[in-house]
Amino acid sequence: AMFTIFRCVTDGCTDLQGRPLAERLRQKYGFVFLAAYALTFVSITLGVFNLVTAVFLDDILKKRQRKERVDIASTTTEHEVLLKEHLIRLIMRHSSTIIPKEVEEDMYQQANLYATKIASVRAQFQCLEVCDVVISRSAFQTFLADKCFITALETAGIEASHCDGTVLFEFLDSDMSGWLSSRELIDGLMSLRGPVSKPEIVGLRLKIRHVVKLLHAQGMTESM
């Protein structure tokens with residue numbers, strides 16, 4: 001009997017003489033058997049199909065995430081230099097970013113001083129960091145209107161074309177000063193590359209826990 005039920009579910013619901021059992025049982029038990037048989041067959045068929053599909057898709061997604069993490073790690077330097085190059089161009093062009101004349105001259109010298117583009121761009125960007133160049137909210141909105149800069153962001157894996165510039169500025173403004181330093185800007189943009197990973201979430205939780213402990217210790221000290 002158990003083997004016959006197994007055959008009805010998997011191979012074909014017939015007796016040893018090849019006669020269909022489903023029709024004979026329907027004639028004997030009526031709609032009750034028909035409904036139970038149809039529900040059992042559909043549930044098992046769809047259940048196995050969904051299980052196989054879920055395992056297959058889960059494996060594909062895990063492989064894709066691993067590939068994305070590897071690609072992000074392998075192209076960090078390339079995208080960092082690309083973003084810095086565009087930021088140098090935009091900062092130098094925007095009128096609200098006041099750069100001393102000697103710093104501009106130093107940057108032009110740095111551009112021709114190094115043999116590689118990576119070293120040259122990094123040296124120029126370091127000049128901006130040294131002179132404490134800051135980017136205002138309006139200047140940042142202007143940056144996001146630059147198509148070449150948006151293309152560079154998308155190439156680096158940063159979704160900025162459909163992102164609200166105000167929200168993005170608030171995220172990058174880590175010290176909530178209302179201004180973005182060149183270091184804040186490049187570090188924030190580089191951290192936006194790719195999907196959120198587990199180490200980032202765990203690291204954030206640990207930092208928040210540490211801050212809570214410091215605040216609690218400070219409150220205990222002040223109460224004493």
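Apart from its neighbours within four places in sequence, Ser182 is in contact (heavy atoms within 4.5 Å) with Phe125, Leu128, Glu129, Val133 and Ile135. Ser182 is part of helix α10, and its relative accessibility of 3% places Ser182 among the buried residues (buried means under 20% relative accessible area, exposed over 50%, and partly exposed in between, with a 1.4 Å probe and protein chains only). The model is a predicted one, in which local features need pLDDT of at least 70 and side-chain atom pairs count only at pLDDT 80 or more, whereas totals for chains, interfaces and linings use all residues. Residues are numbered from 1 along each chain as its sequence is written, and side-chain values use heavy atoms, with hydrogens and water left out.

The protein chain contains 11 helices and 2 strands; helices (H or I, at least four residues) and strands (E, at least two) are DSSP runs, numbered from the N terminus. Read from the N terminus, the order of elements is α-α-α-α-α-α-β-α-α-α-β-α-α. Of the 224 residues in the protein chain, 27% are buried. Of the contacts between residues at least 6 apart in sequence, 66% join residues at least 24 apart.

Helix α10 is largely enclosed by the rest of the structure, since 7 of its 10 residues are buried. These are Ser182, Glu184, Leu185, Ile186, Gly188, Leu189 and Met190. The packing of α10 against α4 and α6 was examined in turn.

Helix α4 (residues 76–93) packs with helix α10 (residues 182–191) at an angle of about 140°, and the two axes are 11 Å apart. Axes are lines fitted to C-alpha atoms, for helices over the stretch in contact, and angles run from 0 to 180 degrees between N-to-C directions. The angle makes α4 oblique to α10 (under 35 degrees counts as roughly parallel, over 145 as roughly antiparallel, 65 to 115 as roughly perpendicular, and the rest as oblique). The crossing of these helices, α4 and α10, is right-handed; a crossing is left-handed if the near helix is turned anticlockwise from the far one by less than a right angle, and right-handed if clockwise. On the α4 side, Thr76, His79, Glu80, Leu83, Lys84 and Leu87 take part, and they meet Arg183, Leu185, Ile186, Leu189 and Met190 of α10. The contact of α4 with α10 comprises 6 nonpolar, 2 polar and 3 charged residues (Ala, Val, Leu, Ile, Met, Phe, Trp, Tyr, Cys and Pro count as nonpolar, Asp, Glu, Lys and Arg as charged, and the others, Gly among them, as polar).

Lys84, located in helix α4, is buried, with a relative accessible area of 5%. With neighbours within four places in sequence set aside, Lys84 is in contact with Val121, Arg122, Phe125, Arg183 and Ile186.

Helix α6 (residues 117–130) crosses α10 at roughly 130°, and their axes come within 8 Å. The pair α6 and α10 is therefore oblique. Phe125, Leu128 and Glu129 of α6 meet Ser182, Arg183 and Ile186 of α10. By class, the contact of α6 with α10 has 3 nonpolar, 1 polar and 2 charged residues.

Helix α5 (residues 101–113) also packs with α6, at an angle of about 170° and with the axes 8 Å apart. This makes α5 roughly antiparallel to α6. Val103, Asp106, Met107, Gln110 and Ala111 of α5 form the contact with Ser120, Ala123, Gln124, Cys127 and Leu128 of α6. The contact of α5 with α6 has 6 nonpolar, 3 polar and 1 charged residues.

In helix α7 (residues 137–144), the buried residues are Ala139, Phe140, Phe143 and Leu144. They lie on the same side of α7, because they cover an arc of only 145° around the axis, the arc being that of the directions from the helix axis to the C-beta atoms. The elements that the buried residues of α7 pack against are α4, β1 (134–135), α8 (147–155), α9 (165–172), β2 (180–181) and α10.

Ile150 belongs to helix α8 and is buried at a relative accessible area of 12%. Ile150 and His86 are 64 residues apart in sequence, and their C-alpha atoms are 9.8 Å apart in space. Tyr37, in helix α3 (residues 31–74), counts as partly exposed at 28% relative accessibility. Between the C-alpha atoms of Tyr37 and Arg26, which are 11 residues apart along the chain, the separation is 9.5 Å.
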